[in-house]
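Welcome, and take a moment to turn the model around before reading on. We will go through it one place at a time.

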Amino acid sequence: MSEILGELAQVRAAFAKPTLALLGKKWAPVVLAVFASTFSREQESISAERFHSQVEVFLSELKSVGEAVPDDTARTLCRRWVEEKWLILSSNEEQAEEYSLTSHSQEAIDYVNRLSGDRSMFSESRIRTILDAARRCAMDANPDREERLARLDKQIARMTAERGHLAAGGEIAPVSDERIIEEYLNLRDLIAQLPADFLRVSESVKTIHRVILSEFREEGRRTGEVLDDYLNRSQDLMSTSAEGRAFTGAVELLRDDRLLNELRDDLGTILEHPFSATLTPSEERDFRDTVSGIRRGIEIVLYQRSRLSSTLRTHITRHDALRDRELDDALRQAKVALADWMITSGPRTRVSLNIGLPPVDVGHLRQRFYDPKGHAPPPPLVDTSAEADAPISLQDLRNQGGPSLQELRQRLGEIPESVTAGEFFAEVPVALRRPVEILGLIQIASDSNHLAHDELGSVELFEAIRPDGSVRVFSAPRIVFDPAFADANFGDADD
């Protein structure tokens, strides 16, 4: 018989996993769109109530443009997604419920992103990545000293030759944009797999602690035995699963700050290549923040370990085995007595329970008593008039006000010959040489249509004096006032 039965069983097992179950659902595009619009590297969890409201808004928007959406309410959908293992519903430190993605949902989102965008498939970059990985694995797996030395000698000779070529002034072989793009896409695919890997480790930690809690609550096991089991499992927690062992190795590697700094510099160098102009701002930001994403993923797993360990430690220290045993015995006796009583009693028979306390006949129980403090008048206001600043004078207010248009018009009506605005401004009293008066002259000029402006449109300087005596020099358009125009426009300024 062929191997078709074994292959079919393997395929069915794969389709039974939540990742492929999500991708095969009717509403998979809608569900993944909601997840991708809500969760990101910056927002890995969201409060339950806010997520319910957000899902309602998303479904309403899709429905308004003619898209088919599920008919259930947002709360019902979210609970179903939790049952399907696409979402995790947990409580934070404030005991508030919040949702977060599972590793299966993250894998589905990453898979869709890879299919919808540019992806490095069969390319030189990917082949070289495979060759480098195979070379390192073969070196680690081969215990032959001579062969390992031969491999190292080849690497040293190749790198020495390249260094000598560059040191002698040799040219660097140009690399095409296509090759850089291939290498970037290959690297991006590898980076995109990290979030789901970290989530799988976190879920593995939760599973192990859940098993320990269930064993702790089993009858017939002593507290000391469960405590020893818990301590032993916590000691080698990361060595009990494949994900844990892989995570431990990654953490040991990534604890080297030098490696992370080199990775950050390498990513920056890649983005300095001209091909980065074709990337969207979000793609460039995600690629540049790879090191931050790695650190954040490690912190999530370590925080989950610390939080669950603290929860188990608190549960163990507060667990009173004697009191639980007494309660179990009392409930068991009550159950036996109830079974004996039901043999002789009818379906509507009542039994009176004497709890040992006489009833209290109270017509009305006062809920709040009189408090004299509640009827005390408020304390008198404190007189702070002595601490108040000196009142501002009318002249100070006028100095802070707008331009003196009436006085400016009156003086413009008295000019004996043609003058520029700057010359006129230099001859008026100090009180009319505030910076705002320059704007007043420009306003007077703009209100008229017959002024003689300079043909070249030049500017002139105005030396203004502020109310505090400081001097500032401003440049403004050069405007000429002539006596004929002043008589025509400002001769009745007094009126």
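How many cavities of 30 Å³ or more does a search of the whole structure find? The search turns up one. Keep in mind as you look that this is a predicted model. Rolling a probe the size of a water molecule over the atoms shows where empty space is left. Here the largest cavity holds about 40 Å³ of space.

Before we step inside that cavity, a word on the chain as a whole. It contains 21 helices and eight strands. Of its 495 residues, 26% count as buried. If you take the contacts in the chain with a separation of 6 or more, 65% of them are between residues 24 or more positions apart.

The residues that line the largest cavity are Ala 421, Ile 438, Leu 441, Ile 442, Ala 445, Phe 462, Ala 476, Pro 477, Ile 479 and Phe 481. What kinds of residue make up this lining? Ten are nonpolar, with no polar and no charged residues. At least two lining residues come from each of helix H20 (435-446), strand S7 (471-477) and strand S8 (479-481). Of the contributors, H20 gives the most, with four residues.

The next stop is the aromatic rings. The model has five aromatic pairs. One of them joins Phe 39 and Phe 51, whose ring centres are 5.7 Å apart. The planes of these two rings meet at 45°, and the pair is therefore tilted. Phe 39 sits in the loop between helix H3 (28-38) and strand S1 (45-47), while Phe 51 belongs to helix H4, so this pair ties together parts that are twelve residues apart in sequence. Both Phe 39 and Phe 51 are buried.

Phe 425 and Phe 462 form an edge-to-face pair, with 5.8 Å from centre to centre and 65° between the planes. Phe 425 is part of helix H19 (residues 421-427) and Phe 462 is part of strand S6 (residues 459-465), so the parts tied together by this pair are 37 residues apart in sequence.

Which residues do ring pairs link into a cluster? They are Phe 35, Phe 39, Phe 51, Trp 81 and Tyr 99.

The side chains of His 52 and Tyr 99 make a polar contact of 2.9 Å. Leaving out residues up to four places away in sequence, His 52 touches Ala 74, Arg 75, Cys 78, Arg 79 and Tyr 99. Why does His 52 count as buried? Its relative accessible area is 6%, and buried means under 20%.

Thr 73 is placed in the loop between H4 and H5. With a relative accessible area of 43%, Thr 73 is partly exposed. Its side chain is joined to that of Thr 76 by a polar contact of 2.9 Å.

Most residues other than glycine have a negative phi. Lys 85 has a positive phi of about 65°, although it is not a glycine. You will find Lys 85 in the loop between helix H5 (74-83) and strand S2 (87-91). Lys 85 counts as exposed because its relative accessibility is 52%.

Our last stop is Ile 88, in strand S2. Ile 88 is buried, with a relative accessible area of 18%. Apart from neighbours within four places in sequence, Ile 88 is in contact with Glu 98, Tyr 99, Ser 100, Leu 101, Thr 102, Glu 203 and Lys 206. Ile 88 and Leu 101 lie 13 residues apart in sequence, with 6.1 Å between their C-alpha atoms.

Notes. Residues numbered from 1 in each chain as written. Predicted model: local features only at pLDDT ≥ 70, side-chain atom pairs only at ≥ 80, totals over all residues. Heavy atoms only, no water. Buried < 20%, exposed > 50% of the residue type's maximum accessible area, 1.4 Å probe, protein only. Polar contact = N/O pair within 3.5 Å; in protein donor to acceptor, adjacent residues only side chain to side chain. Contact = heavy atoms within 4.5 Å. 1 Å grid on protein atoms, 1.4 Å probe; cavity = no way out; pocket = protein on both sides within 12 Å on 5 of 7 lines; lining within 4 Å. Points joined across faces, edges and corners; volume = space filled by probe spheres on them. Nonpolar A, V, L, I, M, F, W, Y, C, P; charged D, E, K, R; others polar. Phe/Tyr/Trp six-rings, centres within 6.5 Å; stacked < 30°, edge-to-face > 60°.
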